[in-house]
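Reader: I have a model open and want to learn to read its features one by one. Where do we start?

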Amino acid sequence: MIRRGFQAAARLGHHKALPGGPHILPRFSPASAFGSSTDSLVSRFCPEKTDLKNYALPNASWCPDMLSLYHEFLEKTKAEGWIRVPSFKSNRDHMQGLKLPLGLPVTSDKSDWRIFTRCIETEGQGYEYVIFFHPSEKKSVCLFQPGPYLEGAPGFAHGGSLVAMIDETFSKTAYLAGEGLFTLNLNIRFKNLIPVGSLAVLHVDVEKIEDQKLYMSCVAQSSDQQTVYAKASGAFLQLQLEEDPSQ
């Protein structure tokens with residue numbers, strides 16, 4: 001039901017609002033392309049100093065391929081403009097000033113809320129992943145190692161776990177590339193199974209930003225690029241955040 005609401009909201013265009021409600025798709029200034037600059041979004045989403053646990057750091061469960069590519073991209077953060085995206089337990093720890101559409105409240109409850117892909121605490125058993133984002137090129141690479149709790153066919157990751165990982169990478173990329181946040185649609189074509197404990201590399205590109213929606217594509221493949229696991233595309237609704245109080 002909520003997703004249908006987002007789809008309906010996206011069809012309202014720049015000027016219309018939901019009956020009896022506020023404008024949820026404000027017209028952005030043509031000079032800025034979207035509500036906040038990419039640098040501002042990155043600084044809000046990737047704080048330099050925090051006491052929060054960053055789950056996107058290597059641990060003993062990471063396979064050699066994942067560790068090797070991680071360090072390769074870590075070097076690229078120094079010279080090629082890539083950013084390592086931190087991953088906290090909840091998106092509440094990432095996003096401040098979030099205004100949900102349709103008048104949906106953002107609860108301030110302090111219970112143990114967790115983003116789905118960080119719901120398994122034990123290292124190596126569930127989702128092991130790290131996302132690197134390139135601001136100027138508006139693309140991401142996600143290194144994903146599925147653990148045994150994500151098994152589908154014996155010895156292989158469940159297809160739904162890959163869908164969740166693609167959706168998560170899409171959403172983080174959409175947010176950092178231009179305040180995209182909510183999935184409007186996601187299409188996936190499975191090609192091959194991912195062995196549990198092995199590395200899948202997700203390459204995500206923002207194809208275009210149009211009518212307050214971001215359109216993206218993804219290719220998930222093995223680290224040697226010889227096996228394609230899936231190809232996907234998706235669209236995300238672009239929302240404007242409240243002003244950053246720290247600015």
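Author: With naming. Helices (H or I, at least four residues) and strands (E, at least two) are DSSP runs, numbered from the N terminus. With those labels, Asp-211 is found in the loop between S5 and S6. Keep in mind that this is a predicted model.

Reader: How do I read the sheet, and in what order do the strands lie?

Author: The general idea: strands of a sheet pair through backbone hydrogen bonds, either parallel or antiparallel. Here seven strands make an open sheet, ordered S1-S2-S3-S5-S6-S7-S4, with antiparallel pairing. S1 (83–85) and S4 (180–190) are the edge strands, and each of them pairs on one side only. From one strand to the next, the twist averages 25°.

Reader: How many bridges join S3 to S5, and how many join S5 to S6?

Author: Six for S3 and S5, which run antiparallel. Ten for S5 and S6, also antiparallel. Strand S6 (residues 213–222) and strand S7 (residues 228–238) pair in the antiparallel sense too, over nine bridges.

Reader: Which residue takes a positive phi in the hairpin of S5 and S6?

Author: Asp-211, with phi near 50°; this hairpin has two residues between the strands. Asp-211 is not a glycine, yet its phi is positive. Gln-225 is another case: its phi is positive, about 65°, although it is not a glycine either. Look for Gln-225 in the loop between S6 and S7.

Reader: How many salt bridges does a search of the whole structure find?

Author: Six. The cut-off is a side-chain nitrogen of Lys or Arg within 4 Å of a carboxyl oxygen of Asp or Glu. Lys-76 and Glu-72 meet it, at 3.9 Å from N to O.

Reader: Why are Lys-76 and Glu-72 separated by about one helical turn?

Author: Because they are four residues apart in helix H3.

Reader: Which residues line the largest cavity?

Author: Ala-56, Val-85, Pro-86, Ser-87, Tyr-129, Val-130, Ile-131, Glu-168 and Lys-172. By class, the lining has six nonpolar residues, one polar and two charged. S2 gives the largest share, three residues. S2 and H4 each supply at least two.

Reader: Where should I look to tie this together?

Author: Start at S2. Strand S2 lies between S1 and S3 in the sheet order. The cavity lining then takes three residues from S2.

How values were computed. Residues are numbered from 1 along each chain as its sequence is written. This is a predicted model: local features need pLDDT of at least 70, side-chain atom pairs count only at pLDDT 80 or more; totals for chains, interfaces and linings use all residues. Side-chain values use heavy atoms; hydrogens and water are left out. Two strands pair if DSSP finds at least two bridges between them. Axes are lines fitted to C-alpha atoms, for helices over the stretch in contact, and angles run from 0 to 180 degrees between N-to-C directions. On a 1 Å grid over the protein atoms alone, a cavity is a set of points where a 1.4 Å probe fits but cannot get out, and a pocket is an open set with protein on both sides within 12 Å along at least five of seven lines; lining residues have an atom within 4 Å of a point. Ala, Val, Leu, Ile, Met, Phe, Trp, Tyr, Cys and Pro count as nonpolar, Asp, Glu, Lys and Arg as charged, and the others, Gly among them, as polar.
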